[in-house]
Amino acid sequence: KISVSVNVSAIDLTSPLLIPAIHSALERYQFPVELLCLEITESALMDDPDTSFSRLKALSELGIRLSMDDYGTGQASLAYVRDLPINELKIDKSFVNQVDCNSKNAAILRSTLTLCRELGVNVVAEGVETDAEMKWLNQNQCDLVQGYRIARPLRPDTLLEWQPDENLLKLLH
């Protein structure tokens with residue numbers, strides 16, 4: 001099964017039409033709710049925190065997975081990670097880049113991985129581009145990765161036929 005992630009803007013997040021529109025689309029297309037993940041940036045939460053928290057709680061109660069996107073680049077505090085009903089945290093690529101040889105990036109990622117494990121939140125490393133980054137993330141038990149090292153963007157008609165290259169499979173074992 002392939003899950004679908006959708007970016008949600010600050011305007012969408014605070015709109016009273018968001019939840020009815022998502023509910024309607026899920027019913028219309030008979031899309032399994034557990035395969036939908038909504039990605040929210042830190043900045044989207046800042047515009048109207050009370051409404052944003054309320055909408056996220058309601059979406060979570062519908063069974064929709066929630067992801068905080070580009071974590072680390074905005075003003076989000078650890079309280080957001082603690083209090084929001086998120087299922088995953090996507091670490092911005094600026095921290096993933098050269099994690100294998102940049103001790104500060106490695107420290108930030110290691111501590112974030114530990115924190116999220118303790119809170120039951122999956123971590124996605126964004127922007128993975130090299131074998132060395134992939135190896136470091138695998139050794140440090142990062143839950144998921146995305147980036148050009150996995151694949152360049154694919155057209156829908158080629159997505160289901162995509163197979164990881166042999167070197168990538170070796171890195172994952």
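**View 1. Helix α2 passes helix α4 in a right-handed crossing.** Keep in mind as you look that this is a predicted model. The two partners are α2, residues 18-28, and α4, residues 49-61. Their axes come within 10 Å and cross at roughly 20 degrees. Angles under 35 degrees count as roughly parallel, and α2 and α4 are therefore roughly parallel to each other.

**View 2. Here are the side-by-side partners in the contact of α2 with α4.** From α2, look for Leu18, Ile19 and Ile22. From α4, the residues making the contact are Arg55, Ala58 and Leu59. Sorted by class, this contact has five nonpolar residues, one charged residue and no polar ones.

**View 3. The largest pocket holds about 1,200 Å³ of space.** It is lined by 29 residues, and the closest to its centre are Ser3, Ser5, Val145, Gln146 and Gly147. Which elements give two or more residues to this lining? They are the strands β1 (4-8), β2 (36-41), β4 (88-91), β5 (122-125) and β6 (144-145), together with helix α9 (156-159). The lining residues of the largest pocket divide into 14 nonpolar, nine charged and six polar.

**View 4. The second largest pocket has a volume of about 260 Å³.** Of its 14 lining residues, Val6, Ile22, Ala25, Leu36 and Leu38 are the closest to the centre. You can trace the lining to β1, α2 and β2, each of which supplies at least two residues. By class, the lining of the second largest pocket has eleven nonpolar, two polar and one charged residues.

Note on methods:
Residues numbered from 1 in each chain as written. Predicted model: local features only at pLDDT ≥ 70, side-chain atom pairs only at ≥ 80, totals over all residues. Heavy atoms only, no water. Axes fitted to C-alpha atoms, helices over the stretch in contact; angles between N-to-C directions. Helix = DSSP H or I, 4+ residues; strand = E, 2+ residues; numbered from the N terminus. Parallel < 35°, antiparallel > 145°, perpendicular 65-115°, else oblique. Left-handed = near helix turned anticlockwise from the far one by under 90°. Contact = heavy atoms within 4.5 Å. Nonpolar A, V, L, I, M, F, W, Y, C, P; charged D, E, K, R; others polar. 1 Å grid on protein atoms, 1.4 Å probe; cavity = no way out; pocket = protein on both sides within 12 Å on 5 of 7 lines; lining within 4 Å. Points joined across faces, edges and corners; volume = space filled by probe spheres on them.
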